[in-house]
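Here's a quick briefing to read alongside the model. Have the structure open and follow along.

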Amino acid sequence: MTHSEATDSSSAAETAAPYGSGPASSAAPHGKVRIHHLQQAKAEGRHFAMLTAYEQYTAQIFDEAGIEVLLIGDSASNNVLGNETSLPVTVDELLPMCRAVARSTRHALVLADLPFGSYEVSPGQAVATGARFLKEGLAHAVKMEGGAYYAETVRAMVQAGIPVMGHIGFTPQSEHVLGGYRVQGRGLDAERLIEDAVALEEAGAFAVLMEMVPAETAARVDAALTIPTIGIGAGAVTTGQVLVWQDAMGLRGGRMARFVKQYAQLRETLLEAAQQYGQEVRDGSFPGPEHSF
C-alpha cells in the first residue's frame, strides 16, 4: 500500500468527534455587547435580558438567542454542584465554568459572581479575586453583593480595571444575617436601598442588580440612578431582567419563586427521553442496524 493510499484509507475511516468538539465557530447574528450598550439601553428606555450559564452548550444557545448578558452565578453551587445554598461554592470551582461560557460566546457580555468569602476581607482581596475572573475566567465583568459598605471595594476594583455590577436587596450570601429568604426594601427600608444603590454608582459600578425588592421600591431606586438596574423579583421597571436558567427553562423541579416564569419544561422532556432510551436498551431495540458500523 502506498503512502497516499494509506492516508486515504485512514481518512475514510475517521468519523466525526462522537462527544462534541468544543464551541461552534460560527458567529452569533449580533454585535458584541459592551457595558456602554447597557448604559445606552437605560438612557433610551430599552430593556435587556440576562440569564445564568455554566457551560458551553447553554452559553452557545443563549448567545445565539441574543441574550445580552450571561452570568456565571454563585447559583452554580445549588444548581450545578448539588449544594443546598450558594455559600459553599469557591472561586476555583467557578473559574472553569466561567472559561467555558466565555469561550462559547460571540455576543453576550460575560459576567462572573464573586462567591462568598472571596472579597469581604478587604478591597485588595476583592481586586485579586476580580483579576482572576478576568484573567483566568475570561470574564468581561464581575458582580458582587453588598451596598454602601462596599463602595470603597467597588472603587478599588474599578480603578484596577475590573468592571463591577452591584447587587442589593436580598443578597443570598447574607441569608443567615437577613433571617432567610425575605423581601427587602419595604417601608422605611426603601431609603436604605436607594442610599446603597447611589453609593455603588458613585463608586463606579456600571449597573445594580436588585433581588426580591417591592416593585415600588425598585422604581425609586431605578429613578435615582443613571446606570442601568437589573431585576429578579423587582418588578418591570428595571432596565434588565435576570433569571436562573434552570428555573426559567423548567429543568429544576420543585417549588418555584414567585418571580420565576417558566418558558419550557426541560425536566419532563429529559425524563421522557431518558426513560425511552433505557427501555430501548433493555429490550434490545437500540442500537439498531442503522447505529452500527
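Let's start with Leu 95: at 3% relative accessibility, Leu 95 counts as buried, because the cut-off for buried is under 20% relative accessible area. Keep in mind that this is a predicted model.

**Around Leu 95**
- Leu 95 sits in helix α5, which spans residues 91-103.
- Setting aside neighbours within four places in sequence, Leu 95 is in contact with Arg 132, Phe 133, Glu 136 and Gly 137.
- Leu 95 and Ala 112 are 17 residues apart in sequence, and their C-alpha atoms lie 8.7 Å apart in space.

**The chain as a whole**
- You'll find 12 helices and 8 strands in the chain.
- Of its 293 residues, 44% count as buried.
- Take the contacts with a separation of 6 or more: 60% of them come from residues 24 or more positions apart.

- Helix α7 covers residues 151-159, and its buried residues are Ala 151, Thr 153, Val 154 and Met 157.
- Why do they end up on the same side of α7? They cover an arc of only 160° around the axis, so they share that side.
- As a reminder, an α-helix has 3.6 residues a turn, so residues three or four places apart point the same way.
- Over on the other side of α7, Glu 152 and Gln 159 are exposed.
- The cover over the buried residues of α7 includes α6 (123-135), β4 (141-145), β5 (164-169) and α9 (189-203).
- After α7 comes Gly 161, with a positive phi near 95°.

**Strand β7 and its partners**
- Strand β7 (residues 229-232) is covered on both faces. Thr 229 and Gly 231 are buried on one side, with Ile 230 and Ile 232 buried on the other.
- Strand β6 (residues 207-211) runs parallel to β7, joined to it by 4 bridges, and Val 208 stands opposite Thr 229 of β7.
- To get from β6 to β7, the chain passes through helix α10 (residues 215-224), making a right-handed β-α-β crossover.
- Strand β8 (residues 240-243) also pairs with β7, running parallel with 2 bridges; here Gln 241 of β8 is the bridge partner of Gly 231.

Conventions. Residues are numbered from 1 along each chain as its sequence is written. This is a predicted model: local features need pLDDT of at least 70, side-chain atom pairs count only at pLDDT 80 or more; totals for chains, interfaces and linings use all residues. Side-chain values use heavy atoms; hydrogens and water are left out. Buried means under 20% relative accessible area, exposed over 50%, partly exposed in between (1.4 Å probe, protein chains only). Contact means heavy atoms within 4.5 Å. The arc is that of the directions from the helix axis to the C-beta atoms. Two strands pair if DSSP finds at least two bridges between them. A crossover is right-handed if, with the strands pointing away from the viewer, the path from the first strand over the helix to the second runs clockwise.
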